[in-house]
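These are my notes on a model I went through today. I took the ligand sites and the sheets in turn.

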Amino acid sequence: METLKIAIAKGRLAKYSIELLEEIGIDCQVLKEDSRKLVFTLPQHHIEVILLKAVDVPTYVEHGVVDMGIVGKDVLMEQERQLYEVVDLKFGVCKFSVAGRPNGTNGKKHLRVATKYPNVTKKYFAQKGQSVEVIRQEGSVELAPLMGLSDVIVDIVETGKTLKENGLVVLEDIANISARLVLNKVSYKTKKKEITTIIDLIAEKVS
Ligand SMILES: Nc1ncnc2c1ncn2[C@@H]1O[C@H](COP(=O)(O)OP(=O)(O)OP(=O)(O)O)[C@@H](O)[C@H]1O
Ligand SMILES: O=P(O)(O)OC[C@H]1O[C@H](OP(=O)(O)OP(=O)(O)O)[C@H](O)[C@@H]1O
C-alpha cells in the first residue's frame, strides 16, 4: 500500500482537521503532542501528515509533494490553483464580506479597499464594475478604515466581533467560506484507491 501524504493548515483549522482524521479511524495522537515537528509519519495507517501555514497548503498540493490537503475556501479563492476541491468539510465556517463604516461608501466612484485577499477583492469589484485601489495588508485589516488608509475592507467575518468592536459593519457579503479537502490531480490517478477510500470516509462523516 502506498503512503498518502496529507497537508494540514496550522492555526485555526488544525484542531478540526485532526479531529476529522481521528473520526475516520486515523490515530493522530502524535500530532496533538506539544512539539515543533512538522512531519508526522503514521506507519500503521500508511499516512504522513505535514503541518504548514494555511496559505502554503495549495502550493504543496499543486506541486504533488503531498497528495491531499485541508485548507479554507478563502485561500483557494485567492490562489486559484490547479487542484481538485472535493469535499466541503463544514468547519472553519465564516464568510468573505465588504465592511466599512455604518454610513457606507457615500456613493464614492473610486474606492480604496484594504485586504489580505487582493485577487478576490479585484475580481469582486470588477464584476460589479466598481473602480478600486486595492491596498494589501497582512492582518488587522479592520484598522485601515479606522485610520483613514482605506474606505472599506474585504475580510473574513466569523462572529462579527472584530468589526463590531472597531465600529465597522458588513456592507456586502461576497461568499461563504469553510474548510475544503483538496487533491493533487496526478495523485488522484496514481493513488486512486487509497484516495477514494479516504474521500468516501470523510464525505460520509461530514454529510
Ligand atoms: N474568524 C476567522 N478568521 C480567520 N480565518 C478563519 C476564521 N474562521 C475560520 N477561518 C478559516 O481558518 C483559516 C486559517 O486561519 P488562521 O487564522 O489560522 O490562519 P491565517 O489566516 O493564515 O493566519 P495567520 O496569518 O495569523 O497565521 C482561514 O484561511 C479561514 O479559512
Ligand atoms: O468575525 P470575527 O469572529 O471577529 O472574526 C474575524 C476576524 O478574524 C480574522 O482575523 P485573525 O484573528 O486571523 O487576525 P488577523 O487580523 O491578523 O488576520 C479576520 O481577519 C477578522 O479580523
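Entry 1, ligand 1. I looked up which parts of the chain form the shell around ligand 1, and at least three residues come from each of domain 1 (4-92 + 178-206) and domain 2 (94-177). I took the domain bounds as they stand, from an automatic or database domain assignment. The model is predicted, with pLDDT of at least 70 needed for local features and 80 or more for side-chain atom pairs, while totals for chains, interfaces and linings use all residues. I number residues from 1 along each chain as its sequence is written, letter chains from A and number ligands from 1 in the order in which they are written.

I find 15 residues around ligand 1, and G11, R12, G72, G92 and E158 come nearest. A residue is near a molecule or strand here if its C-beta atom, placed from the backbone, lies within 6 Å of it. By class I note 8 nonpolar, 3 polar and 4 charged residues in this shell. Nonpolar covers Ala, Val, Leu, Ile, Met, Phe, Trp, Tyr, Cys and Pro, charged covers Asp, Glu, Lys and Arg, and the others, Gly among them, are polar.

I list G139, S140, V141, E142, D155, I156, V157, E158, T159, G160, K161 and T162 around ligand 2. Two or more residues of this shell come from each of β9 and α7 (161-165). The largest share, 3 residues, is that of β9. The classes are 3 nonpolar, 5 polar and 4 charged. Elements are DSSP runs numbered from the N terminus: helices are H or I of at least four residues, strands E of at least two.

Strands pair if DSSP finds at least two bridges between them.

I checked β1 (residues 4-9) against β3 (residues 47-52): they run parallel and share 6 bridges. I6 has V49 of β3 as its bridge partner.

How many residues of β11 are buried? I get 5 of the 5, so β11 is largely enclosed by the rest of the structure. Buried means 20 or more other C-beta atoms within 10 Å of the residue's own, exposed 12 or fewer, partly exposed in between, all placed from the backbone. A179, L181 and L183 are on one side, R180 and V182 on the other. β11 runs antiparallel to β4 over 5 bridges, and G69 pairs with V182. β5 is also antiparallel to β11, over 4 bridges, and V87 stands opposite L181.

Entry 5, five-stranded sheet. I read this open sheet of 5 strands as β8-β7-β9-β6-β10, with mixed pairing.
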